[in-house]
Amino acid sequence: MRALGFEQDGQAKDVQFVDASTPPVLDLAEEQEPATAVEIGRLRALGELYGYRLDKAVRRAWADYTAAPKLRDCAWAVDAAARYWPDAEAEFWKHVDAREFVGAAAAFRTIAEDAYDKITYTALGTLRGAKAAARARVELYGGPAKTPAKAAATRPGTPTEDK
């Protein structure tokens, strides 16, 4: 499989074209090892989950630190992605090559935590920055805990989901 795309910063006039290809080894694994293919899919989803959480965490920290009215792209998000994705890709292939999928979630979480710590380090010298970084860090773990009422409202099979 081959994916083509482009990325353009909202304020820049430069366009960056990107492409990626799925290595043939994944097609082979899907044909010969169906159970492994499922685990590889789960591995990919975990990597993307922690990439998303890292992005949200650094954007929230930046917004709190700069008193921005809403979450939006910022230099921290770009830097976080540049730090996270190469290491996450290496971790992905390490697990695929070894056919060992236990501990993958913790590995991706650690990569995201390390990237977050490096990105927010410069802000820790101020009280405002330290508070922003500490408050936003919870996004790495799925966000703030929901209150029991909110959790019940979003639970599958509740009347809110049926409507």
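Student: Leaving aside neighbours within four places in sequence, what is T36 in contact with?

Tutor: T36 is in contact with R99 and F101, where contact means heavy atoms within 4.5 Å. This is a predicted model, in which local features need pLDDT of at least 70 and side-chain atom pairs count only at pLDDT 80 or more, while totals for chains, interfaces and linings use all residues. Residues are numbered from 1 along each chain as its sequence is written, and side-chain values use heavy atoms, with hydrogens and water left out.

Student: What makes T36 count as buried or exposed?

Tutor: Buried means under 20% relative accessible area, exposed over 50%, and partly exposed in between, with a 1.4 Å probe and protein chains only. T36 has a relative accessible area of 12%, and is therefore buried. Its place is in helix 2, helices being DSSP runs (H or I) of at least four residues, numbered from the N terminus.

Student: What covers the buried residues of helix 4?

Tutor: The cover includes helix 2 (34-66), helix 3 (75-98) and helix 5 (127-136), and among the residues buried in helix 4 are F108, I111, Y116 and I119.

Student: Why are helix 3 and helix 4 described as roughly antiparallel?

Tutor: They pack at an angle of about 155°, with their axes 9 Å apart; axes are lines fitted to C-alpha atoms over the stretch in contact, and angles run from 0 to 180 degrees between N-to-C directions. Angles under 35 degrees count as roughly parallel, over 145 as roughly antiparallel, 65 to 115 as roughly perpendicular and the rest as oblique, so the pair is roughly antiparallel.

Methods:
Helix = DSSP H or I, 4+ residues; strand = E, 2+ residues; numbered from the N terminus.
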